[in-house]
Amino acid sequence: MSIDYDVIVVGAGPAGVPAAIKAAEKGVKTLLIERNETIMAKKPCGEATSMGTFKDLGIDPKPYIVLHKVIPRVVAPNGKYFDIDVAETYSINKTMYLQELALKAAEMGAHIRVREPVTAVSRDGDVMKVKTKNGVYRCRVVIGADGYHSIVAKSMGVRERSEPIPTVIYLMANVRLEDPDIAYFYLGSEVAPKGYAWIFPKSDKVAEVGIGVRGGNAKDYLDKFVKMHRDELGDAQVIDYRGAPVPIGGLISKPYGDGYILVGDAAGTVMPLTGAGMHPSGVAGLVAGETAAEAVLSGDTSERALGRWVEKYEDPWGKKIRRSLKAMRFLENLSDDDLNKLADVLNPDDIVKIANGEDVLGVVRRLLKVPGIAYRLAKAIVS
Ligand SMILES: Cc1cc2nc3c(=O)[nH]c(=O)nc-3n(C[C@H](O)[C@H](O)[C@H](O)COP(=O)(O)OP(=O)(O)OC[C@H]3O[C@@H](n4cnc5c(N)ncnc54)[C@H](O)[C@@H]3O)c2cc1C
């Protein structure tokens, strides 16, 4: 049976566009299909990421993409806070970021189609069929980068999904912020049980105010949070209100099969403790695109060949996600009192490393010398 493309990537988000870049760069005929009318950040997102994202994705942090540097401020339940100025974190314009990536995909030779939702994917021998309102495209490998409610996963019978945390955001205008370069993260059972609330400034008077909670209604908690912050948010108006799940349960057990790969939110490539997905999903997209291209070129698009993407992703990203998940599992059961105690012993460097699952052994060694809650956290991470 003739084919139209070697690789079709479904979804032009932070995972899908890099997948298309890499597949096309490797010399296979690639199509990137997006349901939205524009390649854009339609799903809500804090739009904060590190400089490492640009480095790993191979694009310049141009002024129209990077808005400003932010200093994450973590606020413990008792109000004690510390600023994490060791992390190179930036507030970005995610739409411009995705469009810059799309430019690269186009330059590499990928075809891009917008306003074309994929409605089903099926397999016929070693040919994959991707159905849209415009007809059926035939290809060798489909990369499902179509988000948490992936139609590719559903069509391929993949039922497993990474555990979600429901989130809700308000974009608020006329906020009063002490310093627009500080991005606030609030912890505690009163504020956001098993999650956190945030205020991410977009400019000096506009900020995204959001929350992720488990075991409660996120919108109710967000409204309560806004009321609690009358000084900063009392005069502000909501100019955008959206919600979406963030997969924080780690990578699903088998994000691939004969003729397909799942990547990004569809597969759970998100840092569990922070919910940051742009960087890990971007790298996952590159790895998936490369693996798909290699499979096509070798003439073997079986699940054995496509499963190699997970092996390639394992070091360091798979490991980082698992460590971050372990830390999250420990922290989610702590009382506010224990969280306050932890805030007394952790330093900003520890927090960045634990949250991102990076270089945790040094942190663990230090914490094992501190009796009590820090010792228990260290044990949980290395267990
Ligand atoms: C409230 C919130 C705040 C967040 N804040 C941050 C943050 O500050 N920093 C960070 O790094 N991460 C953050 N994240 C996580 C991050 O947004 C995601 O992990 C990341 O966007 C995942 O990328 P993705 O490409 O896998 O999926 P998505 O971003 O969901 O993109 C999927 C794409 O596929 C398209 N699509 C879906 N179905 C179809 C179809 N049938 N046919 C064609 N196209 C389709 C969609 O339109 C979309 O363009 C946040 C998430 C939420 C919900």
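**Exercise 1. Find how far apart the centres of domain 1 and domain 3 are, and what each gives to their contact.**

Start with the centres: taken over C-alpha atoms, those of domain 1 and domain 3 are separated by 34 Å. The domain bounds come from an automatic or database domain assignment. Next, the contact: domain 1 puts in five residues and domain 3 puts in six residues, where two residues are in contact if their C-beta atoms, placed from the backbone, lie within 7 Å. Last, sort by class: the domain 1 side that touches domain 3 has three nonpolar, two polar and no charged residues. Here Ala, Val, Leu, Ile, Met, Phe, Trp, Tyr, Cys and Pro count as nonpolar, Asp, Glu, Lys and Arg as charged, and the others, Gly among them, as polar.

Before you go on: this is a predicted model, so local features need pLDDT of at least 70 and side-chain atom pairs count only at pLDDT 80 or more, while totals for chains, interfaces and linings use all residues. Residues are numbered from 1 along each chain as its sequence is written.

**Exercise 2. Work out where the ligand sits relative to domain 1 and domain 2.**

Count the shell: 38 residues surround the ligand, and the closest are G11, G13, G46, G264 and G277 (near means a C-beta atom, placed from the backbone, within 6 Å). By class, that's 18 nonpolar, 14 polar and six charged residues. Now the elements: β3 (48–50), β12 (164–173), β16 (237–247) and α7 (278–298) each supply at least two shell residues, and α7 has the largest share, three residues. Helices (H or I, at least four residues) and strands (E, at least two) are DSSP runs, numbered from the N terminus. Finally, domain 1 (7–47 + 93–162 + 249–306) and domain 2 (164–247) both give residues to the shell, so the ligand lies between them.

**Exercise 3. Describe the largest nonpolar core and the surroundings of V141.**

First, membership: a nonpolar core is a set of buried Ala, Val, Leu, Ile, Met, Phe, Trp, Tyr and Cys residues joined through C-beta atoms within 7 Å. Buried means 20 or more other C-beta atoms within 10 Å of a residue's own, with C-beta atoms placed from the backbone. The largest core has 128 residues, and V7, V141 and I143 touch the most other members. α7 gives the most to this core, with ten residues. Then zoom in: leaving out residues up to four places away in sequence, V141 touches V7, M128, G259, Y260, I261, A292, A295, V296, T301 and L306.

Technical notes:
A residue is buried if 20 or more other C-beta atoms lie within 10 Å of its own, exposed if 12 or fewer, and partly exposed in between; C-beta atoms are placed from the backbone.
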